[in-house]
Amino acid sequence: MVGQGRLRHPLRGEEDGRRGAAGVTRVAAVDCGTNSIRLLVADCDPATGELVELDRRMTIVRLGQGVDRTGRLAPEALERTFAACREYAGVVKEFGAERVRFVATSASRDAENRADFVRGVLDILGVEPEVISGEQEAEFSFTGATKELTAHEHLERPFLVVDIGGGSTEFVVGEEHVRAARSVDIGCVRMTERHLVVDGVVTDPPTAQQVAAIRADIEAALDLAAESVPLSEARTLVGLAGSVTTVAGIALGLPEYLSTAIHHSRISYEQVRAISERMLTQTHAERAAIPVMHPGRVDVIGAGALVLLAIMERIGASEVVVSEHDILDGIAWSIA
């Protein structure tokens, strides 16, 4: 596998104390995207709106390797993904999740051979992956990101939630519920593969012309998003997923990736601009040496940061509120 992310376990006594509590459902949510596959096991109580996380982990598998060019999932990408699924199946069994939902996003949505992917996941986890639409993906992301934020009265509404993934970016505007959503094909992996890979190698660092080409794609995609989503009406920008959380970790100067410090941090436009410029001018080795940088994001963080910067400039956002709660939490709530 390309890379393993963080994982957490609760105190075993606390976990056992929640098991079987009235109204509480133990669920497992899997989000399989273009760049990573992630698992959340949690106890959900719909009556109180409380989600208690038992285990959250992420593995960089690059399922979308070459999909933009070939239209197919590569055999080695499928095997990396299935290896992660086998690990996750063990975690789901260990915690005794009552319900499991597996959601697949951009890469598997686009691939001609997605039936191979579906069959493999079903064999390993016993559930069929749901290849959801970009709009459904946006709904889950909005629920996961804003369920806690609605209690923060100082944050102006409506929220604009942006989920910058590997293959696509979701835009959702809403207050407590979704008002409008749109998914567009700009993501850190897709933009990197389309514009920065020459003869199979990522340009290090990219040229000004390559960066301009990425920016042109992003601006065109923002025009498409604005046709469906009232971007200009947003009063609070909420950013999700690895590109955004990595930018936040760099801005905060963290010595390592600390989810508790990153969650609900507020990163200014000036910080995002400076980090975007830095990521697009540093070498691979310089980016890899950043303490919060996951090895699987070293080559794609420049494009991801540029997507965030362009969004902030388009809507005139002075800051982005960063959320560690995202589509995984939304999927968990959907089956609670």
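Ala, Val, Leu, Ile, Met, Phe, Trp, Tyr, Cys and Pro are counted as nonpolar, Asp, Glu, Lys and Arg as charged, and the others, Gly among them, as polar. In the predicted model, the lining of the second largest pocket comprises four nonpolar, four polar and six charged residues on this basis. This pocket holds about 310 Å³ of space. Of its 14 lining residues, Gln65, Gly66, Arg69, Glu193 and Val197 lie nearest the centre. Helix H2 (67-70) and helix H7 (188-195) are the elements that give two or more residues to this lining, and H7 contributes the most, with four.

The largest pocket has a volume of about 630 Å³. Its lining is made up of 37 residues, and those nearest the centre are Ser36, Arg38, Met58, Gly242 and Arg297. The lining contains ten nonpolar, 16 polar and eleven charged residues. At least two lining residues each come from strands E3 (36-45), E4 (50-60) and E7 (159-164) and from helices H9 (242-252) and H14 (327-334).

Strand E7 also belongs to an open sheet of six strands with mixed pairing, ordered E9-E8-E7-E12-E14-E13. Strands E9 (178-184) and E13 (266-268) are at the edges and have a single partner strand each, so one side of each lacks a neighbour in the sheet. Neighbouring strands are turned against each other by 25° on average, direction ignored. E7 pairs with strand E12 (236-240) in the parallel sense over five bridges; Leu160 has Leu237 of E12 as its bridge partner.

Helix H8 (208-228) lies across strand E8 (169-174) and E9, at about 155° to E9. Helix H13 (301-315) packs on the sheet, where it touches E7, E8, E12, E13 and strand E14 (319-322), and its direction makes about 160° with that of E7.

Key:
Residues are numbered from 1 along each chain as its sequence is written. This is a predicted model: local features need pLDDT of at least 70, side-chain atom pairs count only at pLDDT 80 or more; totals for chains, interfaces and linings use all residues. Side-chain values use heavy atoms; hydrogens and water are left out. On a 1 Å grid over the protein atoms alone, a cavity is a set of points where a 1.4 Å probe fits but cannot get out, and a pocket is an open set with protein on both sides within 12 Å along at least five of seven lines; lining residues have an atom within 4 Å of a point. Grid points are joined across faces, edges and corners, and a volume is the space filled by probe spheres set on the points. Two strands pair if DSSP finds at least two bridges between them. Axes are lines fitted to C-alpha atoms, for helices over the stretch in contact, and angles run from 0 to 180 degrees between N-to-C directions. Contact means heavy atoms within 4.5 Å.
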